[in-house]
Amino acid sequence: MAIIINLDRILEERGMKSNELAEMVGITTANLSILKTGKAKAVRFSTLEAICQALDCQPGDILEYLQD
């Protein structure tokens, strides 16, 4: 996959657990796990916005494109 999800790194930097973020964003821990592992087919902008707000980051901090 060419899109890399850096949520684990950002969570670690912020000293936050996945379940805390899921609660703040209003999604299930299962859906957050799907996103973190790169298995999600899509992400809503409202979810991305809520994650960025909760983690005080930019979308580009979470999503990274690597050319194959």
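## A glycine in a loop

Let's start with Gly15, which sits in the loop between α1 and α2; helices here are DSSP runs (H or I, at least four residues), strands are runs of E (at least two), and both are numbered from the N terminus. This is a predicted model, in which local features need pLDDT of at least 70, side-chain atom pairs count only at pLDDT 80 or more, and totals for chains, interfaces and linings use all residues. Residues are numbered from 1 along each chain as its sequence is written, and side-chain values use heavy atoms, with hydrogens and water left out.

Gly15 is exposed, with a relative accessible area of 65%. Exposed means over 50%, buried under 20%, and partly exposed in between (1.4 Å probe, protein chains only).

Which residues of α1 are buried? They are Leu7, Ile10 and Leu11. These residues lie on the same side of α1 because they cover an arc of only 100° around the axis, the arc being that of the directions from the helix axis to the C-beta atoms. An α-helix has 3.6 residues a turn, so residues three or four places apart point the same way.

On the other side of α1, Glu12 and Glu13 are exposed. The buried residues of α1 pack against β1 (3–5), α2, α3, α4 and α5 (59–62); contact means heavy atoms within 4.5 Å.

## The nonpolar core

The largest nonpolar core has 17 residues, and those touching the most other members are Leu7, Leu21, Ile51, Leu55 and Ile62. Such a core is a set of buried Ala, Val, Leu, Ile, Met, Phe, Trp, Tyr and Cys residues joined through side-chain atoms within 4.5 Å. Two or more residues come from each of α1 (7–14), α2 (18–25), α3 (29–36) and α4 (45–55), and α4 gives the most, with five residues.

Not counting residues up to four places away in sequence, Ile62 touches several residues, including Ile4, Leu7, Ile10 and Ile51.

## A threonine in α4

Leaving aside neighbours within four places in sequence, Thr47 is in contact with Val25 and Ile27.

## Where α2 meets α3

At the meeting of these two helices, Ser18, Asn19, Leu21 and Ala22 in α2 meet Thr29, Leu32 and Lys36 in α3.
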